[in-house]
Structure formats: C-alpha cells, structure tokens
Protein chains: 2
Amino acid sequence: MARNAGGSSLMRQEIGQQPAALRATIEALLPRRAEVSALAAGTRAVLFIGRGTSDNAAVYGSYLIQAHAGRLTALAAPSIATTYRARVDLDGVLAVALSQSGRTEEIVETLEWASACGARTLAITNGGESSPLALAASVALCTQAGVERAVPATKTFTTQLAALAVLALALGAPLDPGELRAVPDAVESLLAGPADVAGLERVVGALAKVRGVVVSGRGMAYAAALELAIKLKEACYLHAMGLSYADLLHGPIAVVDAETPAIVVAADSGPTLAGTVDLARRVTEAGARAFGIGGGAALAAVCTTTLAGPALPEWLAPIGLIVPGQLLTEALARRLGINPDSPRGLSKVTQTD
Amino acid sequence: MARNAGGSSLMRQEIGQQPAALRATIEALLPRRAEVSALAAGTRAVLFIGRGTSDNAAVYGSYLIQAHAGRLTALAAPSIATTYRARVDLDGVLAVALSQSGRTEEIVETLEWASACGARTLAITNGGESSPLALAASVALCTQAGVERAVPATKTFTTQLAALAVLALALGAPLDPGELRAVPDAVESLLAGPADVAGLERVVGALAKVRGVVVSGRGMAYAAALELAIKLKEACYLHAMGLSYADLLHGPIAVVDAETPAIVVAADSGPTLAGTVDLARRVTEAGARAFGIGGGAALAAVCTTTLAGPALPEWLAPIGLIVPGQLLTEALARRLGINPDSPRGLSKVTQTD
C-alpha cells in the first residue's frame, strides 16, 4: 500500500502516523528503564489495569512479562475496586494502569485503590504528565502518539505496546533493545509495501458479506487478535469473536462455518507458530475460510488469503501485526458505509461509572 | 418447568441432575476446608489454570476470592508453561487447576509447571482421586457430579463453582457456609418453577431468528455470562460474544442492534445490579432487545423478556444463574435442529497440544 494512499479518514491518517509515533515513544521511554527498574525493585508480580483496547495491550504485556521477565501477571477487574470496594493484599505487586486519555475515572480510581492496597504504581498513557492517571502514579510512561481524533484507537494502542516492551526490558527480560528500536522502520515498511493491496481487497470483500468472524491467535499474538476483534465490533459492527487458540479448539470451533470465517494472527517465527498453522488448517479442513495475518509462508500455505505481517521478532510482532488489521477495519467500515472515525454508540473517553 | 419435563436429550437430563450433584459435592467438600486452609497457609495470591468452561469457572473464583478473601488472583495462560516453557516466580502462590475430566494434558502439565515454579497446588476435578490432575496436586477437591455424557458441560460446571465457593471459605472469606448448603434447594426450585416456560419459549423464538448475541454481566455474574456465551457458540453455533459490562460500554456496544440482541445476567441483589440495569436500559434505548437472566424486578423492568434467576445471595448466584442459560441453550439447539448432546467439532476431553 503506497504510503500516502488510502481514504481520507482520520483513522487511515492515524494508521499512517504510527511509525513516527512509535519512534518518538521509544526514544522517550527507553532511557527511562532504570527509573522503572527502581520502582519495581522488590516486587514479584504485575497487576495490569485497563479497559477495552488498553486491556488488549495489557494482554500483550502479560504474555511478554511472564514469558521473558519471569513474573506472575494478572489483569485487574476494576469492579473489585470501584464496585465491591474490596481490600486485596497487593504488597509486592507493581500495578500498571493503561489509559489512552489518562482520564478514565474508573482506571484512575483502580490505580489509587491498588496503591492503597500496597502496590507500587506505574501509568502508561498518551494523556501527558498532567493527566489524572499520570498524576496518580509514582512513575508515568507517557506515549508520544500525539492527538488521536478517530474514535477507533490505532497509534495510541501500538505506542502502548511499545511502552510495555520497555517495561519488560526494565523488569529484566533478556531481550535486545535494538530490536525494539527497529520497530518503527518495520511498521513503515509494512505500510509502504504494495504487495498486500490485492489481498486486503479480497479479505474486505469476503468480510463485507458475512455477519460474524472468529479472530484467534496464540501467545503474544493473541493480544493483536483480541484488538482486531474489538475493532471489527466497534467500527464494522461485525460479530467478531476474539478467542484464544486453545479456547477455540476446546469448544467453540463449532461456530466457524461456511458463513463464519476465522482470522488467524501469528508472528513469522516463535514457539506458537506451529500450533497456529494447525488451527488454520483445521478451520479450512472444516470447510470454512481462514484469513491469515502474519505467520510467514507456513501460515500462508494453509490459509485462504494471508496479509503479510511485520519483519519483527516474535516478542515485538504484535506491534506490527495489528497494522494490517487496522487497515482491514478501516477499509471494511468504508465498504459497509460506516464512517470509521465515529462509529455509533462511542465517544473517545469512556466513563464506566 | 416441571421437574421431569423437557426433551429427552442427555443435556436436559443432566441439567436436572444438578441439585443432587451440588448436594453431594457440597457435602463432600465443605468438611475439607481446614485441609485447604493448611495448604494455602502463607500464600498470598491464587493462580487459576483452566480452559473453556473451566476457565469461566475460574472467572467466578477470581471475583469471589478478590472481593471476599482479599487475595490477588490471576488466570494462567497455559502456553506460558507448555509452549514458551518460561520460568515464573510462583513462590507464595496457590495454583488451582480446574478440569472436568482431570485428563486434559495441557492443564496437568501447567499445574506441574506451577509446582516446579514454587506454587502450592490444588486440583478441582470431576475425574476422581485417581485422575492425572488429582494425582498431580497436593490436594484434590473432587466434585461429585457423576458421569456427564452430553458434550456441553452443565453439572460439572456448577459443581466446579460450588468447589470454588468452598475454596473461598477456606481462604477466610467471611461468608456463611449455610448459604452454600442452601444452593441445591434453590437450583431445584428454579428447575421446578413453572413460571418461566413462556419466557423461555419467547427467548428461544427470538434467538432462533438471529445470528449473533452479546452476553454480558458484571462482577460474579460475569462468569455466568461468559459460560452462557460459550454454550451458545458450541451447541447453537450462534455468534455469541461474551463481554464484560464495562468492556461493552467502552466500545463494542455498537455491535448491539435490532438484529443483535443482548442477554444480560445479574444476581437479584448486590453492588453490581444497578450498573447492569443501566446497561440493559441503554441497550433497549438503542433500539435493541435485552433479555434478562436474574436481576429481580429491577432488571425485569428494563428488559424485553426476563428469565427468573435463583433465590441466592450474590456470592452464590452464578451457580443458579447459569441454569436458565443451560435450559435456553438446550431448547435453542433443538429448535435449530442441532443435537445438543453432540454438537459438531467437539469431543468430551480436549487436548490442546
């Protein structure tokens, strides 16, 4: 897709701004690893606090930190804090709250609750140092995505993932920061590559004719699958069911049929690729269509159509894997006559309570 | 619904066996609280390990233990153990593995991994003391559901929830064991009550005409919503999207429309009821239908049709709230010409790897 092609939607423009947003974020946050390490010293578990897209980012952080930094992670249920008003022992826990705006009251309140329960507190937000969430945390990692105007989050999501990669490094993950620095270029190449225009068009055409789709992925890539599912629900009103690889095998694979295709997301390498390829093969053998995102030649060989993923190592792949999904969401919304910038029922900062 | 009415499906019979299964399970497990307390002594967090329906049970355990026993809980990603083969610091953690059969290799392997990482280990299984999962754990709480022959789990799920209620009591939750002992009678009353035949028929009729549905609930009740969503996917091939209350508000409420109703699950009382009523009102105000399960008069007042829930306190309500959902799934499958006992693509014990 040529760099300046695409529709005139804000969402499409913001998708294109991701290389610059990632570059600025990584440059700003990588030097802060020592500060985060100091905050986390003596903690043994990480509690993520987020909703919606930010919760999907937390899923990435959760896999990354367990797989590579050896700490237990948990995803908070904010209602425990805000509705049950329970007291939970969080001594030895690093609480990490994610909110694009930094203004979602429920998230700020849950981080304050975590602090009162004994946790150390870190914020990841695009709302700046003066946002309520940043002010509520001991340390704030501010992403540098700039103003995001389209309702569906794009660059604020991928920069959250980059911040989480910095967190993993700060927690001692033996991974190469140089690989993180290479992410903006990889996303730029993905956006610039012309190869997938035809593939994208085919997948858009297929999804425009169905009511539902299953989106699946395993390990790190699961976060990108969940995020694509939320995008397709909120901007295209598709019945998009985000299911983990194993959960799909453990039952609901029945829901995949001739009218309900699967989208399968995978990094080009890593320990979860083989299983993901098997899953896609099982879907097509059952008579349904499987659309791949990423997964290299192995996934492409068993899928109906595949959109190329980023040239990134598995631990960073989700940052690029969501990009074809964003392009797909934007193009499908327009095909369906929906303005991707302002789908029904949504506003940019959501308050739960 | 008269106690012996309903179709001749195994699933319908097993739904009806739940009062006896719960009675036997509670009788067997309540006396073992001290043993579980001793196992958990000195631990500060609980890591649940499960897949599919067992993972939905873990969601109940997670809310229950955080809200009432003051401990951090996490849901394990088995691939961290079985695919990434990561080493995570689980000192001070009680690992609780759930598997109906006790024979799902991935779950057994993940519990063994947790033990090697320093966790204490508890199994909750219907597979008996000699099942691989029970043998792998320091303590096994064996549910007494008897043989379950229909593929969609019913009595093995509700007895898992009962075992988790025993766990919460063993971890010091200041709740009344007498209320747990009253659960089988409450489920029996729900199954015996004739009031909801017409309501069930209306909801079945409505769902038979749609492709997708959103299932939502908040707090404890969220587990019942997730479980209903998996049932509707696996036995009725519906595009059933299980979404938490807040996640639905934070975006994908756009997916609810005239052709995509919502099912909203709530206890008759408790701190999450008011928010759930607001959610259902928002759905109907948006022009979509909201079908309630439980939630008493408050939820019924804002829903298109409501199925009565159990007369149980909020902490135990999910054990009864899934029952109207099971009846709905069984009746809808038959209406759609599907044999609920053996939906496509499923077998009773699933191996992921």
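Between chain A and chain B of this predicted model, 19 residue pairs are in polar contact, with both partners at pLDDT 80 or more. Seven salt bridges also cross the interface of the two chains. Putting chain A and chain B together buries about 5,500 Å².

**The interface of chain A and chain B**

- Chain A gives 67 residues to the contact, and chain B gives 67 residues.
- Carbon and sulfur atoms account for 58% of the area buried between chain A and chain B.
- One of the seven salt bridges pairs R44(B) with D91(A), and their closest N and O atoms are 3.4 Å apart.
- On the side of chain A that touches chain B, the elements giving two or more residues include helix 4 (53-69), strand 2 (72-75) and helix 5 (78-82).
- Helix 12 (221-236), strand 7 (239-244) and helix 13 (245-249) of chain A are also among the elements that give two or more residues to this side.
- Strand 7 of chain A provides the largest share of that side, with five residues.
- By residue class, the side of chain A that touches chain B holds 29 nonpolar, 19 polar and 19 charged residues.

**The nonpolar cores**

- The largest nonpolar core has 242 residues, and I263(A) and I263(B) are the members that touch the most others.
- Leaving aside residues up to four places away in sequence, I263(A) touches L207(A), V213(A), V214(A), V215(A) and S216(A), and also L228(A), L232(A), F291(A), I293(A) and L328(A).
- Another core, of 46 residues, lies apart from the largest one, and its members include A246(A), I253(A), V255(B) and L273(B).

- As background, most residues other than glycine have a negative phi.
- R85(A) is not a glycine, yet its phi is positive, at about 50°.
- R85(A) sits in the loop between helix 5 and strand 3 (93-99) of chain A.
- With a relative accessibility of 59%, R85(A) counts as exposed, because the cut-off for that class is over 50%.
- Y237(A), also a residue other than glycine, has a positive phi near 55°.
- The loop that holds Y237(A) runs between helix 12 and strand 7 of chain A.
- Y237(A) has a relative accessibility of 14%, so this residue counts as buried, the cut-off being under 20%.
- To set the pair side by side, R85(A) is exposed, whereas Y237(A) is buried.

Note on methods:
Residues are numbered from 1 along each chain as its sequence is written. Chains are lettered from A and ligands numbered from 1 in the order in which they are written. This is a predicted model: local features need pLDDT of at least 70, side-chain atom pairs count only at pLDDT 80 or more; totals for chains, interfaces and linings use all residues. Side-chain values use heavy atoms; hydrogens and water are left out. A nonpolar core is a set of buried Ala, Val, Leu, Ile, Met, Phe, Trp, Tyr and Cys residues joined through side-chain atoms within 4.5 Å. Buried means under 20% relative accessible area, exposed over 50%, partly exposed in between (1.4 Å probe, protein chains only). Contact means heavy atoms within 4.5 Å. Buried area is the accessible area (1.4 Å probe) that two parts lose on being put together, summed over both. A salt bridge is a side-chain nitrogen of Lys or Arg within 4 Å of a carboxyl oxygen of Asp or Glu. A polar contact is a pair of N or O atoms within 3.5 Å; within protein, one must be able to donate a hydrogen and the other to accept it, and residues adjacent in sequence count only if both atoms are side-chain atoms. Helices (H or I, at least four residues) and strands (E, at least two) are DSSP runs, numbered from the N terminus. Ala, Val, Leu, Ile, Met, Phe, Trp, Tyr, Cys and Pro count as nonpolar, Asp, Glu, Lys and Arg as charged, and the others, Gly among them, as polar.
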